[in-house]
Amino acid sequence: MGRRVSTAAATAGLLCALTAQTACTASPPAPPARTGFTVRYAPPAAPDRAEAARLRAAGAAEAAAARLNEFLDLPHEVSVVARSCAGEGSGYDPGTRRVELCYDDAVDDRALFERAGERPADEAVTAVWTETVFHEAGHALVDALDLPTDGRDEEDAADRFAAVMLLRQGEPGERALRLAAREYELAAASATGPHGDDQDEHAPDAVRAATHLCHLYGAAPAHHPDLAPRFPDCAATWTATRTGWLADLAPLLRG
């Protein structure tokens with residue numbers, strides 16, 4: 001016995017034959033555009049493979065992106081791509097809305113800590129990696145909000161944003177910020193000149209370290225009493241940083 005075809009099915013088939021074929025073979029709707037911060041890993045160059053594997057296993061970039069997405073409702077995607085940069089350095093490209101995190105930067109950071117006798121350096125390298133994600137996210141937000149900053153001012157603003165994001169995490173974030181400041185201190189001590197690279201729009205490493213430590217002490221003085229002699233008046237600095245960034249971020253804040 002042949003397979004019976006229902007009246008409804010037969011009618012549908014006749015309609016398909018009589019109407020434009022595209023109506024019966026319509027493509028599925030396009031997926032919605034991605035928004036927020038996303039993370040992916042490019043294959044590392046041979047010298048960076050071990051560090052790249054450690055960073056991927058730690059998941060710090062994903063954790064940072066998740067915190068950004070929980071905090072902010074960004075209407076477009078900013079891709080965070082970890083890759084070997086051959087010394088170019090991590091950065092944000094407004095043309096592609098892409099953050100590049102450099103495995104080789106992390107290799108250099110590990111060497112910096114280990115030369116100073118600070119072993120194991122896994123926690124320190126992860127902290128610096130996280131701070132870098134937040135710093136570059138600060139650039140992405142300056143771009144998204146069209147904030148009136150440029151050059152050194154924008155770099156300083158991105159550093160302040162990194163401090164805000166880390167200090168929102170309580171004591172784990174405080175420790176990460178302190179380790180990031182330590183990396184700047186070590187980099188300053190190893191620089192060939194008094195200010196490192198004069199072509200760099202960032203503040204000198206020693207200044208960046210001091211700024212992070214000032215925010216740290218201003219936000220949580222009871223947790224860092226050893227910083228009191230160096231940063232006695234940083235409560236107001238921290239308040240201004242937090243208030244300023246929250247005001248700028250108001251159009252994107254969740255809740």
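In strand S4, Glu100 is the bridge partner of Gly91. The model in which this pairing occurs is a predicted one. Gly91 falls within strand S3, which covers residues 91-93, and S3 is joined to S4 by three bridges, the two strands running antiparallel. Together S3 and S4 make a hairpin in which four residues separate the strands. Arg97, in the turn of this hairpin, has a positive phi of about 50°. Glu100 of S4 is also the bridge partner of Val81. The pairing between S2 and S4 is parallel and extends over five bridges. In general, the strands of a sheet pair through backbone hydrogen bonds, in either a parallel or an antiparallel sense.

These strands belong to an open sheet of four strands, arranged in the order S1-S2-S4-S3 with mixed pairing. Strand S4 is mostly covered, with four of its five residues buried.

Two disulfides were counted in the model. One of them is formed by Cys85 and Cys102, with sulfur atoms 2.1 Å apart. The torsion about the S-S bond of Cys85 and Cys102 is about -90°, and this disulfide is therefore left-handed. Because Cys85 lies in the loop between S2 and S3 while Cys102 lies in strand S4, the pair ties together parts that are 17 residues apart in sequence. Cys85 has a relative accessible area of 2% and is buried. Cys102 is likewise buried, its relative accessible area being 0%. Both values fall under the 20% limit for a buried residue.

The other disulfide links Cys214 and Cys234, whose sulfur atoms are 2.0 Å apart. The torsion about this S-S bond is -115°, and the link is left-handed. Cys214 is part of helix H9 and Cys234 is part of helix H10, so the pair ties together parts that are 20 residues apart in sequence. With a relative accessibility of 9%, Cys214 counts as buried. Cys234 counts as buried as well, at 6% relative accessibility.

The loop between helix H9 (205-219) and helix H10 (234-249) contains Arg230. This residue has a relative accessibility of 49% and so counts as partly exposed, since the exposed class begins over 50%. Arg230 and Tyr217 are 13 residues apart along the chain, and their C-alpha atoms are separated by 9.5 Å. When neighbours within four places in sequence are left aside, Arg230 is in contact with Glu185 and Leu213.

The buried residues in H5 are Tyr103, Asp104, Ala106, Asp109, Arg110, Leu112 and Phe113. The packing partners of these buried residues include two strands named above, S2 (77-83) and S4 (98-102). Strand S1 (36-41) and the helices H3 (49-58), H6 (122-145) and H8 (171-190) are also packed against by the buried residues of H5. Gly117, which follows H5, has a positive phi, near 80°.

Helix H6, one of the elements in contact with the buried part of H5, has 24 residues. Its end C-alpha atoms are 35 Å apart, which agrees with the 34 Å that 24 residues should span at 1.5 Å a residue. Of the 24 residues of H6, 19 are buried, so the helix is largely enclosed by the rest of the structure. Just after H6, a positive phi of about 55° is found at Asp146.

Methods
Residues numbered from 1 in each chain as written. Predicted model: local features only at pLDDT ≥ 70, side-chain atom pairs only at ≥ 80, totals over all residues. Heavy atoms only, no water. Buried < 20%, exposed > 50% of the residue type's maximum accessible area, 1.4 Å probe, protein only. Contact = heavy atoms within 4.5 Å. Pairing = 2+ DSSP bridges. Disulfide = S-S within 2.5 Å. Expected span 1.5 Å × (residues − 1).
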